[in-house]
Amino acid sequence: MSDSDSDDYLVEQPQLAPDDPMRAYVPLSFGKTSKEANIAAQIERARRQVETPAAPKKADRKKDDDSDNDSDDDDDSDDDSEDESDRFPVSHEMILKTHERAVTSVSLDPAGGRLLTGSLDGTVKLHDFSAMTPTTLRAFRSVDPWESKKSSATTDSHPIQRAEFCPTSGSQFLCVTAHPQAKIMSRDGDILTEFVKGDMYLRDMNNTKGHVGEITTGTWHPSDPNLCVTAGSDSTLRIWDVNNKRSQKEVIVFKSKAAGSAGRTRMTSVVWGASAQGSNPVLVAAALDGSLVMYSGNGPFTRPAAEIREAHKPDTWTGGIDISADGRMVVTRGGDGLIKLWDTRKFKEPLVKVEHPSTSDRFPMTNIRYSPDSRSIITGSASGHLHILNPGNLRPEHVTPITPGIPLIVVEWHPKLNQIITGSANAETRVLFNPEKSFRGAVEVMSRAPKKRHIDDDPSLTMDQSLGLSADSIITPGAAVSKPKGKRGVPGGGSGTRGPQVQQITPFMRSQPDEKHISENIPLSKMLHEDPREALLKYAEVAKKDPMFTKAWKETQPVTQYADVSEGEEDGPDKKRVKR
């Protein structure tokens, strides 16, 4: 057929309307098509949907001009709220659901590449931003600080009170649980140092080498990566050297002056920051009796530099405390429903105090934090809102809902990433960011192309996250393991005779020595399976010919002679009658 003839024929094409849903299934071209991720739309989907309260409706609107003016006012108020939210990195969020119970601690390393979270479930989750994508938001390892062996039935688990990266070195973090011993762990979750426990029968706390009661919280030295401090329920603050786990470096005994306390109370929170003069750091701690005490950060610690009795209501838990970057201001959040601002140079009366509902009765780990530049103060609330306060008058500059109706427990603001991390009572960890003002971290995660889903992508399905072993190598004792049938010596081969059944190797059997090992390495182990009478009799002839112990008397030993007994005398002589 010539080209001129082909012009007479028309190829029928499907006639579909522009809005027909079938157009999604009709190919536009031949060959393999590549699907590219829309990064802009992906980041837009991460935008937080914050409900703004509706403006009250007016009953009568007489003129159209008045209605136009009202709409302009509403638009102006909306613009103001948007401008207010743009000042802080709270426009977008990334949600991590890796815990089973309330999140009680969040911390980022100084570089901002690794996030750790602690929870009431007794585990610390480690997240790596460089390995996460929008479809793989999960922890790469789960660590229980008090789990020695997974198969152990007597393993204890304690809630995580505080987990914090060292501010000057991201290679280690401090882990504080509801236990008298704190631990220093590596950034990969391995235990580096476990501090010693003190003698609970000693009355004088100055003579103890460690805490004798539960540790409530702890923090790092602002500039020395080898020093950290812990606060305990034994009325002491203990300064530790990470290179010496057998005893604390300094012990600070706080003597309570409350009536009926016998000079003891529980230390609820502690912060270690720079001083106002910029020379020595300052150590500030709060106690359960309502006291607020300040020490010189480098000692001596024999007596406090300043002390405020009943800074907060006694017998209420003051869990939130932080110090500004210049060391001049201290902010506390008490269990009495008040947030107070203190001046370290005039440490007597609060400068400002405002009411703020407390959640420390249910979650003692509730905290309050200064922003990296100390221009704002952030904290959570019982209603699930994030409050960004003015550091001068403690008035809210911005309030945004994070988990409405669920308490917001802990907050953290990273200086390099300019991102806010929150932990809530519903086991959610949220990373708030602004694509224009934040750097790396969650911004890079949400800017990556989604990874194709595969079963190997979820480590919890194929990996034992506490040990880092593949799930294929973990055999539950008593579980049936199905193996492919095949010929002898050919695993997984075709049909054929079935080989000898191999005994299943369980973790219990793996820790027990086998019979071959016992016979080769333990002397005289073969005698366990021999008859002792036969084992002795087989040496009778050898002992008679070549005696080992009586060889010295072989020549002089007299010959044993026995009397000849007749048949009638076999029963022996008659027994004498017993006289009665």
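The secondary structure of the chain comprises nine helices and 30 strands, where helices (H or I, at least four residues) and strands (E, at least two) are DSSP runs numbered from the N terminus. The structure is a predicted model, in which local features need pLDDT of at least 70 and side-chain atom pairs count only at pLDDT 80 or more, while totals for chains, interfaces and linings use all residues. Residues are numbered from 1 along each chain as its sequence is written, and side-chain values use heavy atoms, with hydrogens and water left out.

Of the 580 residues of the chain, 40% count as buried; here buried means under 20% relative accessible area, exposed means over 50%, and partly exposed lies in between, with a 1.4 Å probe and protein chains only. The chain exposes about 36200 Å², of which carbon and sulfur atoms supply 50%; accessible areas come from the Shrake-Rupley method with a 1.4 Å probe, and for residues only the protein chains shown count as cover. Among contacts (heavy atoms within 4.5 Å) between residues at least 6 apart in sequence, 50% join residues at least 24 apart.

In the span 321-345, the end C-alpha atoms lie 17 Å apart, and the span is 0% helix and 56% strand.

A search of the whole structure finds 18 salt bridges, each defined as a side-chain nitrogen of Lys or Arg within 4 Å of a carboxyl oxygen of Asp or Glu. One of them joins the side chains of Arg-141 and Asp-190 at 3.2 Å, N to O. This pair links distant parts of the chain, since Arg-141 lies in strand β5 (residues 141-143) and Asp-190 in the loop between β8 (183-186) and β9 (191-194), 49 residues apart. Arg-141 counts as buried at 18% relative accessibility, whereas Asp-190 is partly exposed at 39%.

A salt bridge also joins the side chains of Lys-183 and Glu-194 (3.9 Å, N to O), and this pair connects strand β8, which holds Lys-183, with strand β9, which holds Glu-194, 11 residues apart. Lys-183 is buried, with a relative accessible area of 4%, while Glu-194 counts as partly exposed at 30% relative accessibility.

The side chain of Lys-125 does make a polar contact of 3.0 Å with that of Ser-142. A polar contact is a pair of N or O atoms within 3.5 Å; within protein, one must be able to donate a hydrogen and the other to accept it, and residues adjacent in sequence count only if both atoms are side-chain atoms. Leaving aside neighbours within four places in sequence, the residues in contact with Lys-125 include Thr-98, His-99, Leu-115 and Arg-141.

Trp-272 is placed in strand β14 (residues 267-273) and is buried, with a relative accessible area of 6%. Not counting residues up to four places away in sequence, Trp-272 touches several residues, among them Trp-220, His-221, Cys-228, Ile-239, Val-282 and Gly-297. The C-alpha atoms of Trp-272 and Val-282 are separated by 5.9 Å, although the two residues are 10 apart along the chain.
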